[in-house]
Structure formats: structure tokens, C-alpha cells
Amino acid sequence: RTLILPALLLTACTAFAAAPLTFEEVDTDGDGLISADEAASIEALDFNAADSDNDGTLTVDEYDIAIEI
């Protein structure tokens with residue numbers, strides 16, 4: 001019984017840590033686009049691959065596609 005609570009807490013923390021940041025959380029300046037500097041905070045995101053139109057920013061759609069992979 002004493003091991004159940006710590007195990008549940010560890011599981012919950014892992015689940016929260018695995019959730020990707022929302023577009024709004026990454027778009028820190030609120031301009032509706034994610035710059036390369038803003039995207040740098042996401043280790044698993046390949047900005048150049050995600051920027052499908054090569055305009056130097058990510059739209060909501062580009063970001064959503066990139067984090068689904």
C-alpha cells in the first residue's frame with residue numbers, strides 16, 4: 001500500500017512530461033507564428049523539416065503536423 005502512491009505519482013509526472021507544448025505555449029511573442037528561436041526550446045522538433053513552405057516560421061498547421069510525428 002505504501003508503494004502505490006509513489007508509483008502513481010511517478011506515472012502521472014511522466015505523463016505530464018511527455019505532453020508536447022501547445023502552439024500558444026511555444027509562440028511566446030503571440031504573433032501567431034513560431035520562429036526558429038521560439039522552436040529551439042523543443043528538443044525533438046526539427047524546425048527546418050517542419051517549415052514546409054520554407055518561410056522561416058511555423059504556422060499552427062505546420063507545428064501540429066511536426067509534433068504528431
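In which loop does Asp51 lie? The structure is a predicted model, in which local features need pLDDT of at least 70 and side-chain atom pairs count only at pLDDT 80 or more, whereas totals for chains, interfaces and linings use all residues. Residues are numbered from 1 along each chain as its sequence is written, and side-chain values use heavy atoms, with hydrogens and water left out.

Asp51 is placed in the loop between helix H4 (47-50) and strand S2 (57-58), where helices (H or I, at least four residues) and strands (E, at least two) are DSSP runs numbered from the N terminus. Asp51 counts as buried because its relative accessibility is 5%, the term buried denoting under 20% relative accessible area, exposed over 50%, and partly exposed in between (1.4 Å probe, protein chains only). Apart from neighbours within four places in sequence, Asp51 is in contact (heavy atoms within 4.5 Å) with Gly56, Thr57, Leu58 and Glu62.

In H5, the buried residues are Glu62, Tyr63 and Ala66. These residues lie on the same side of H5 because they cover an arc of only 95 degrees around the axis, taken from the directions from the helix axis to the C-beta atoms. The exposed residues Asp61, Ile65 and Glu68 are carried on the face of H5 turned away from its buried side, while the cover of the buried residues includes H2, strand S1 (34-35), H4 and S2.
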